[in-house]
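Me: I have a model open on my screen and would like to learn how to read it. Could you take me through its features one at a time?

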Amino acid sequence: MLARGNRITRGAEYKAVVRGGARCAAAHTVTYVVATTEDRPARFGFIVSKQVGSAVTRNTVRRRLKAVCAEALPQVRPGADVVIRALPSAAAADFAALRTEVTRCLSRRAAA
């Protein structure tokens, strides 16, 4: 699980990352990354819309994405802000597929 210091919590912060971040698209997710020079841990945010499925499905997808990001946290540069948007196809994707996509995008855009 991601600690409080590793989460993006404000809507304005989400908007800044999505609008100004480097984008990496995959089959089930779109990852946005803004690299800052601030001396703080990397932060993650997740966008899982109702198009993904029911509340149970959305929460399952969100938990999987959080687990993948918690695993990848040591490889992400400090100060980076990452927002991961789940596409509707993420509902049918298994954990391994999500891990592969997110890890690839993080290594391309936010590697330490």
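Reply: Happy to; we will go from the whole chain to the sheet, the helices and then single residues. This is a predicted model, in which local features need pLDDT of at least 70 and side-chain atom pairs count only at pLDDT 80 or more, while totals for chains, interfaces and linings use all residues. Residues are numbered from 1 along each chain as its sequence is written, and side-chain values use heavy atoms, with hydrogens and water left out.

Me: Which secondary structure elements does the protein chain have, and in what order do they run?

Reply: Helices (H or I, at least four residues) and strands (E, at least two) are DSSP runs, numbered from the N terminus. Here the protein chain has three helices and four strands. Their order from the N terminus is α-β-β-β-α-β-α.

Me: How do I read the radius of gyration of the protein chain?

Reply: The radius is taken over C-alpha atoms, and the globule rule to set beside it is 2.2 Å times the number of residues to the power 0.38. For this protein chain the radius of gyration is 13 Å, close to the 13 Å that the rule gives for 112 residues, so the chain is as compact as a globular protein of that length. Along the principal axes, its C-alpha trace spans about 40 × 25 × 25 Å.

Me: What share of the residues counts as buried, and what area does the protein chain expose?

Reply: Buried means under 20% relative accessible area, exposed means over 50%, and partly exposed is in between (1.4 Å probe, protein chains only). Accessible areas come from the Shrake-Rupley method with a 1.4 Å probe, and for residues only the protein chains shown count as cover. The protein chain exposes about 5,900 Å², with 52% of it supplied by carbon and sulfur atoms.

Me: Now the sheet, please. In what order do the strands lie?

Reply: Strands of a sheet pair through backbone hydrogen bonds, either parallel or antiparallel. Two strands count as paired if DSSP finds at least two bridges between them. In this model four strands form an open sheet with mixed pairing, in the order 1-2-4-3. Strand 1 (22-25) and strand 3 (43-48) are at the edges with a single partner strand each, so one side of each has no neighbour in the sheet.

Me: How are strand 1, strand 2 and strand 4 joined?

Reply: Strand 1 and strand 2 pair antiparallel over four bridges, and they form a hairpin with three residues between them. Within that pair, Cys-24 has Thr-31 in strand 2 as its bridge partner. Strand 2 (residues 29-35) also runs antiparallel to strand 4 (residues 80-86), joined by seven bridges. There, Tyr-32 stands opposite Val-83 in strand 4.

Me: Where do helix 1 and helix 3 sit?

Reply: Contact means heavy atoms within 4.5 Å. Axes are lines fitted to C-alpha atoms, for helices over the stretch in contact, and angles run from 0 to 180 degrees between N-to-C directions. Helix 1 (residues 11-20) lies across strand 1, strand 2, strand 3 and strand 4, at about 85° to strand 4. Helix 3 (residues 95-109) packs on the sheet too, touching strand 1, strand 2, strand 3 and strand 4, and its direction makes about 150° with that of strand 1.

Me: Where is Thr-57, and which residues is Thr-57 in contact with?

Reply: Thr-57 is in helix 2 (residues 55-72) and is partly exposed, at 24% relative accessibility. Neighbours within four places aside, Thr-57 is in contact with Val-52 and Ala-91.
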